[in-house]
Amino acid sequence: MIWCIYCEDRPDGQDLRAETRPAHLGYLSGFDIEAGGPLVGDDGAMVGSCIFLEAPDRAAAEEFAANDPYAKAGLFERVTITGFKKVVWPGQ
């Protein structure tokens, strides 16, 4: 199943995001990521992350999210994990 992991940064998280980004990107390389990237505010600044992860169940998606270096560093103010069904998707 695909899980949408929607993460909102804490308001003062810009520097922490920049410092932790290499570890976060390295972490992602070990998983089956369908799509992902930063959320951006109207001014273009990064304000969160959205990742579409292929995982067998919610527990696996929750474990993935909890072990993300961004999460471990305390970057996120809120994380929402929701199942996602592909209907419209690039390349399909």
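Mentor: Let's start with a term: on a 1 Å grid over the protein atoms alone, a cavity is a set of points where a 1.4 Å probe fits but cannot get out, and its lining residues have an atom within 4 Å of a point. Grid points are joined across faces, edges and corners, and the volume is the space filled by probe spheres set on the points. This is a predicted model, in which local features need pLDDT of at least 70 and side-chain atom pairs count only at pLDDT 80 or more, while totals for chains, interfaces and linings use all residues. Residues are numbered from 1 along each chain as its sequence is written, and side-chain values use heavy atoms, with hydrogens and water left out.

Trainee: What volume does the largest cavity have?

Mentor: About 40 Å³, and the structure holds 1 cavity of 30 Å³ or more. Its lining includes Ile5, Cys7, Ile51, Phe64 and Asp68.

Trainee: Which elements each supply at least two residues of that lining?

Mentor: Strand 1 (2-9), helix 2 (58-67) and strand 4 (76-84) do. Helices (H or I, at least four residues) and strands (E, at least two) are DSSP runs, numbered from the N terminus.

Trainee: How do you know that Cys7 is in no disulfide?

Mentor: A disulfide is a pair of cysteine sulfur atoms within 2.5 Å. The search of the whole structure finds 0 disulfides. For Cys7, the nearest cysteine sulfur is that of Cys50, 7.9 Å away, and Cys7 is in no disulfide. Cys50 is in no disulfide either, with the sulfur of Cys4 nearest at 3.7 Å.

Trainee: Why is Cys7 called buried?

Mentor: Buried means under 20% relative accessible area, exposed over 50%, and partly exposed in between (1.4 Å probe, protein chains only). Cys7 has 4% relative accessibility, so Cys7 counts as buried. Cys50 counts as buried because its relative accessibility is 14%.

Trainee: And what makes Glu8 partly exposed?

Mentor: Glu8 has 24% relative accessibility, so the label is partly exposed. Glu8 has its place in strand 1. Leaving aside neighbours within four places in sequence, its contacts (heavy atoms within 4.5 Å) include Val47, Phe76 and Arg78. The C-alpha atoms of Glu8 and Val47 are separated by 6.3 Å, though these residues lie 39 residues apart along the chain.

Trainee: How many bridges join strand 2 to strand 3?

Mentor: Two strands pair if DSSP finds at least two bridges between them. Here 7 bridges join strand 2 (residues 33-40) to strand 3 (residues 46-54), and the strands run antiparallel. Gly36 stands opposite Ile51 in strand 3. Their hairpin has 5 residues between the strands, and Gly44 takes a positive phi near 90 degrees there.

Methods:
On a 1 Å grid over the protein atoms alone, a cavity is a set of points where a 1.4 Å probe fits but cannot get out, and a pocket is an open set with protein on both sides within 12 Å along at least five of seven lines; lining residues have an atom within 4 Å of a point.
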